[in-house]
Amino acid sequence: MEKGIIVKVSGPLVIAGGMKDAKMYEVVRVSDEKLMGEIIELKNDEASIQVYEETTGIGPGDFVYRTGETMTVTLGPGLLTSVYDGIQRPLKLIEEVSGPYITRGINVPGLDYEKKWQFKAVKSKGEKIQAGDIIGEVQETTLILHKIMIPPSIKSGTIEDIKSGSFKIDDVVAVVKDDDGKKHEITMVQRWSIREPRRVQRKDVPRTPLVTGTRILDTLFPIAKGGAGCIPGPFGAGKTVTQQSLAKFCDAQVIVYIGCGERGNEMTDVLLEFPHLKDPNTGEPLMKRTILIANTSNMPVAAREASVYTGITIAEYYRDMGYNVALMADSTSRWAEALREMSGRLEEMPGEEGYPAYLGSKTAEFYERAGYVTCLGSDNRTGSITVIGAVSPPGGDLSEPVTQNTLRVTKVFWGLDAKLAYKRHFPAINWLSSYSLYADNISDYWRKEVAEDYEKIRTEVMGLLQQEASLEEIVRLVGMDALSPKERLVLETAKSIREDFLFQNAFDQEDAYTPLKKQYWILRCILAVYKEALTLVDKEGFLFENFKKLPVMEKVVKCKDIPKTDIEKYGDLEKEVIDKIQEFGKALL
């Protein structure tokens with residue numbers, strides 16, 4: 001094993017000489033403790049290495065051992081249900097080896113090489129194959145069928161041997177002879193560089209929404225499967241709860257949740273809660289389709305930078321099987337801070353607010369790995385990765401560099417508002433500043449799967465909320481009495497939309513998840529009140545106080561409590577609303 005000698009140590013940055021033949025992003029082992037590091041800069045024969053562990057006690061004269069490999073993740077059966085640190089070391093296994101604290105230099109495999117899996121071949125001897133083709137299946141959990149694929153490095157060839165049975169992940173399950181006559185032994189495990197996107201046939205336009213069950217997101221600011229979105233907001237506005245709610249209830253088949261530089265207690269909540277959560281679609285434990293990557297704020301800062309790449313590479317692997325994957329990164333601001341710290345130690349020219357000049361390109365590089373794609377392989381299967389990143393701008397300042405660079409490359413902006421959070425309105429997403437650029441893409445889906453007029457109702461609701469904002473300015477200046485009856489009706493309807501539709505309790509079993517059809521019908525009932533009242537407000541004798549006391553109004557306020565299994569009751573409620581308001585109108589004559 002070739003080695004260099006440390007000449008300087010600056011926190012997580014180690015500079016070593018004698019590294020003339022080293023390559024960028026090569027993994028090295030630092031000192032006799034074998035701390036994992038990665039080369040991030042080369043100058044002459046000196047290499048700058050970011051070390052993913054605490055460097056206390058390491059000094060000039062210690063050796064650096066080269067491995068000749070880039071930073072990779074191990075991909076195969078056993079990833080699901082796992083909890084990893086930022087460089088894919090299973091925390092449970094670390095605890096077994098070193099106790100409750102992560103000892104330096106510990107090196108544990110990302111997957112269990114002793115466990116046997118039942119491999120079922122789906123291809124036969126003599127069949128032609130190409131890169132990405134599925135040759136076998138393993139029932140990884142009761143929810144996910146793991147598909148064993150031909151590695152992208154084998155362009156095409158013929159299966160010389162394949163067998164079903166019980167195997168360890170590194171046992172040979174098939175032999176492939178490529179078109180050049182070279183034989184390749186195929187196992188159930190692959191290794192892939194975290195900084196290189198996995199290859200696909202092509203990227204397609206996303207046209208299906210990621211249904212989250214959160215009403216303000218699904219109806220007003222939807223994200224498509226294969227899309228990229230961001231949730232910026234100040235401390236305490238609900239970023240983490242919103243992301244955890246998305247991870248619990250969204251209709252992706254595989255969830256990758258990255259806790260990147262978050263506080264330990266928040267990550268502890270995730271680690272304690274997720275194993276006990278039930279998948280709303282199947283009733284099975286949610287962990288059976290989830291991978292957690294925990295890299296808390298007290299862990300080495302350099303590992304934060306690696307954690308997001310580790311997560312997205314694992315997500316790409318399941319996407320290549322044909323699954324819809326959702327990746328939550330909480331928070332990308334901490335990742336950017338790790339970039340800033342390493343850039344400062346490398347003495348690079350700082351950009352805005354001290355962040356490196358390449359922050360924008362790094363951010364774009366990460367979010368560009370989202371997408372709805374046609375995977376490698378001859379069966380034209382499709383898969384998607386939806387990336388949702390939380391951003392924690394200091395003081396809630398959305399003009400800071402991380403937020404702005406994220407907004408440039410994402411098409412969904414869910415802006416959290418401290419004022420809404422202080423009013424206890426959750427999710428505290430500001431409906432005036434947030435936006436989604438996917439609404440046009442998924443309009444056909446809404447028409448076919450929900451209702452023909454869903455998009456029209458959504459537009460009406462957003463219009464009423466915009467009108468409310470304008471009218472509130474008038475009310476502040478001259479009072480409610482200056483408003484016409486129609487304007488007062490707009491305010492009352494917008495208040496109903498805010499309180500009875502947009503407000504949602506993430507911790508209430510019934511209210512936490514609302515299907516699209518139920519969302520549609522809640523809004524139809526609220527708008528039925530508005531449209532019927534609009535014909536009456538100019539009539540003599542119409543009084544808002546009497547109108548609001550109608551018994552049917554109480555039913556509209558509570559309509560979100562109607563169980564999702566009784567959708568037909570909404571049609572009855574809408575008819576009752578129309579009838580009762582018309583009766584009220586006749587009494588005015």
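Q: Which residue forms a salt bridge with Glu2, and how far apart are the closest N and O atoms?

A: In this predicted model, Glu2 forms a salt bridge with Arg66, and the closest N and O atoms of the two lie 3.0 Å apart. The pair ties together distant parts of the chain, since Glu2 sits in the segment before β1 (3-10) while Arg66 belongs to strand β6 (residues 63-70), 64 residues apart.

Q: Is Arg66 buried or exposed?

A: Arg66 counts as buried, because its relative accessibility is 12% and the cut-off for buried is under 20%.

Q: How many salt bridges does the model hold by this rule?

A: The count comes to 39 salt bridges.

Q: Where do Glu337 and Arg334 lie?

A: Both Glu337 and Arg334 are in helix α6 (residues 332-345), 3 residues apart, which is about one turn of the helix. Their salt bridge has its closest N and O atoms 3.3 Å apart, and Glu337 counts as partly exposed because its relative accessibility is 26%.

Q: Which residue forms a salt bridge with Glu574?

A: The partner of Glu574 is Arg524, with 2.8 Å between the closest N and O atoms. This pair links distant parts of the chain, Glu574 being in helix α16 (residues 568-588) and Arg524 in helix α13 (residues 516-534), 50 residues apart. Glu574 counts as buried at 14% relative accessibility, whereas Arg524, at 23%, counts as partly exposed.

Q: What describes two packed helices?

A: Two packed helices are described by the angle between their axes and by the distance between those axes. Here, helix α7 (residues 359-367) packs with helix α8 (residues 401-409) at an angle of about 45°, and their axes are 9 Å apart. That angle makes α7 oblique to α8, because angles under 35 degrees would count as roughly parallel and those from 65 to 115 as roughly perpendicular. The crossing in which α7 passes α8 is right-handed.

Q: Which residues of α7 and α8 meet?

A: From α7 come Leu359, Gly360, Thr363, Ala364 and Tyr367, and these meet Pro401, Val402, Asn405, Thr406 and Val409 in α8. Sorted by class, the contact of α7 with α8 has 6 nonpolar and 4 polar residues, with no charged residues.

Terms used. Residues numbered from 1 in each chain as written. Predicted model: local features only at pLDDT ≥ 70, side-chain atom pairs only at ≥ 80, totals over all residues. Heavy atoms only, no water. Salt bridge = Lys/Arg side-chain N within 4 Å of Asp/Glu carboxyl O. Helix = DSSP H or I, 4+ residues; strand = E, 2+ residues; numbered from the N terminus. Buried < 20%, exposed > 50% of the residue type's maximum accessible area, 1.4 Å probe, protein only. Axes fitted to C-alpha atoms, helices over the stretch in contact; angles between N-to-C directions. Parallel < 35°, antiparallel > 145°, perpendicular 65-115°, else oblique. Left-handed = near helix turned anticlockwise from the far one by under 90°. Contact = heavy atoms within 4.5 Å. Nonpolar A, V, L, I, M, F, W, Y, C, P; charged D, E, K, R; others polar.
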